[in-house]
Amino acid sequence: MNKLVERYIYDVTRRLPENERAEVGRELAASIADMLPDEPGEQDITAALTELGPPRTLAEQYRQKQRYLISPAMFELYLTVLRTVVLVVAVICAIVGVLINVFSYETVYMAIGSTVAITIQGALQTAFWVTVGFVIADFAELKQKKPWTVKDLPPLPNQNGVKISRSSSTAGVVLSALFAIVIVALIVQGEWFFMWLQTGEGAINPFSQEALLRCIPFVVLLGILGGAINLLKLHWGRWNVRLCIANALYNVAWVGIAIYIVQLPDLLSAEFVTLVGTLLKDEPDVLLFIQSGGVATVFIVAFVAIAAIDIGVAVWNTWRGRREDVVPVAADK
């Protein structure tokens, strides 16, 4: 198939729901073939594609569910900008909300509630103003519309490699930020929800507050690294060698940080250690196992196993992508 035709079909089908793309791609390829002579030249192809019109408009004709708040010519760009900007603003609002609220409320529950409210409000306001901006831009374009030509077609994306779900990558960015925010808030407030142990002498925090405060920079670093690797997945969209290497480095980094934290000698509070010793005084083998670092070893083995599995899956997907032709013209970018 001619590259120009492939680019046109891709520009049309990428604007459609994924379950419609393959069928529309085949139908459109057949329609274009019928419009061309037996041995078409570049001018024949250009004329046929120009006659079909802008891909955005044609995609809207194929779409089963029509959308008209923003015109077909602008709707796909609107959705892309809306998702990206709302995500960025929501993460920023969440971070700023924690920094403001964690020192303003007596309990972490109130701080998190206020942070969630700030995040939702920021996301809704962003969505509103992005929509208003596109409505204005759409109106301005209708008043002075530039004729579409085949030169406006986007290049074909690199479709080699196993596709990465955009929704999972987006969720990864959000969860990485929320993980760091919530953990830091819990440490600063000294509240651990169900992890407080109630005894006859009152509540006991299993963790040493001094050790947890020293962990804050590492928790923030973990959040940044998690967000960064998921942003790279969003950027590339498919597994490749560079992403595979970055993913391996990320796993090595978070495992190293996790091992450092669980091996802190003062991670557990003295009160908790005393309580465990009292509860297990009749189980000397179990107590010896805990005191000799057995529990920390179990966690370390689990961390290494999880990281190894993730690295292995990434290597497998990268290897598959370099040998399989993940071609369909209708595939998502």
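**Exercise 1.** Leaving aside its neighbours within four places in sequence, which residues is N247 in contact with (heavy atoms within 4.5 Å)?

*Before you start.* This is a predicted model, in which local features need pLDDT of at least 70, side-chain atom pairs count only at pLDDT 80 or more, and totals for chains, interfaces and linings use all residues. Residues are numbered from 1 along each chain as its sequence is written, and side-chain values use heavy atoms, with hydrogens and water left out.

*Solution.* 
- Step 1: check burial. N247 has 2% relative accessibility, so it counts as buried (under 20% relative accessible area; exposed is over 50%, with a 1.4 Å probe and protein chains only).
- Step 2: list the partners, which are I229, K233, W239, D310, I311 and A314.
- Step 3: look at D310, whose side chain makes a polar contact with that of N247 at 3.1 Å (a pair of N or O atoms within 3.5 Å, one able to donate a hydrogen and the other to accept it; residues adjacent in sequence count only if both atoms are side-chain atoms).

**Exercise 2.** Find the buried residues of helix 10 and say why they are on the same side.

*Solution.* 
- Step 1: in helix 10, residues 270-279, the buried residues are F272, L275 and V276.
- Step 2: these residues lie on the same side of helix 10 because they cover an arc of only 100 degrees around the axis, taken from the directions from the helix axis to the C-beta atoms.
- Step 3: turn to the other side of helix 10, where A270 and T274 are exposed.

Conventions:
Helices (H or I, at least four residues) and strands (E, at least two) are DSSP runs, numbered from the N terminus. Contact means heavy atoms within 4.5 Å.
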